[in-house]
Amino acid sequence: MHEGVPAYLAQLLAAQYGEEIAERIANGYEAKRAVTLRANPLKSDVLTVREKLRAQGVETDTVSWYGDAMIVRGDAREDALEKLDLYEKGEIYLQSLSSMIPPLLLGAQAGENVLDMAAAPGGKTTQMAALSGNRAQITACEKNKIRADRLRYNLDKQGAKGVVVMETDSRQLDDFFAFDKI
């Protein structure tokens, strides 16, 4: 099939989807994906972020369905963007477009109690906090300690408030907890 796809996976894909679709899936695995990010309205705004990126030689395209999202043009990769001051200050968050969709659909509002069942590293959690203006109460579960520590780091960096991190399997929460949205 493809060099980058292990033989066992190629066999599973072909058995599940047939050769033609399996081939398209393998091509997708090997394709160079676009670098995408979102402006963090808790720390900045999209126009300021675009200006700062442009000043660093990074051009972006807009995303029609989400004003804070951007697609990086050219050869800039994640590691180069992570060295920028606006990344260090939490003004942007590197996140795939597909990961930006769930928080938009969930639509966490001020005063709501929200559960993020598998929260690390924090992209969707910080996005929900930003979309609610830090006024939703978010419980972010992550059972792995190292990943939970990374989540806490990203919450702090992004300025996400009102988020409680629980180092537990969210499926094991007892009936004491109640949420408006999950």
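I count a residue as buried under 20% relative accessible area, exposed over 50%, and partly exposed in between, with a 1.4 Å probe and protein chains only. On that basis, 42% of the 182 residues in the chain are buried.

I note that the model is predicted: local features need pLDDT of at least 70, side-chain atom pairs count only at pLDDT 80 or more, and totals for chains, interfaces and linings use all residues. Residues are numbered from 1 along each chain as its sequence is written, and side-chain values use heavy atoms, without hydrogens and water.

**Overall.** I looked up the secondary structure and found 8 helices and 7 strands. These are DSSP runs, numbered from the N terminus: helices are H or I with at least four residues, strands E with at least two. The C-alpha atoms fill a box of roughly 50 × 50 × 30 Å along the principal axes.

**Contacts.** I took contact to mean heavy atoms within 4.5 Å. Among contacts between residues at least 6 apart in sequence, 69% join residues at least 24 apart.

**Patches.** Patch residues have over 30% relative accessible area and no salt bridge; like charges are joined within 9 Å, nonpolar side chains (Val, Leu, Ile, Met, Phe, Trp, Tyr) within 5 Å. A salt bridge is a side-chain nitrogen of Lys or Arg within 4 Å of a carboxyl oxygen of Asp or Glu.

Glu3, Glu19, Glu23 and Glu30 form a negative patch. Glu23 lies in helix α2 (residues 19–30). Glu23 is partly exposed, because its relative accessibility is 33%.

I also found a nonpolar patch of Trp65, Ile101 and Leu105. Trp65 sits in the loop between β2 (60–62) and β3 (69–72). At 43% relative accessible area, Trp65 is partly exposed.

Key. Areas by Shrake-Rupley, 256 points an atom, 1.4 Å probe, with all protein chains shown as cover. Lys, Arg positive; Asp, Glu negative; His and termini not counted. Charge placed at Lys NZ, Arg CZ, Asp CG, Glu CD.
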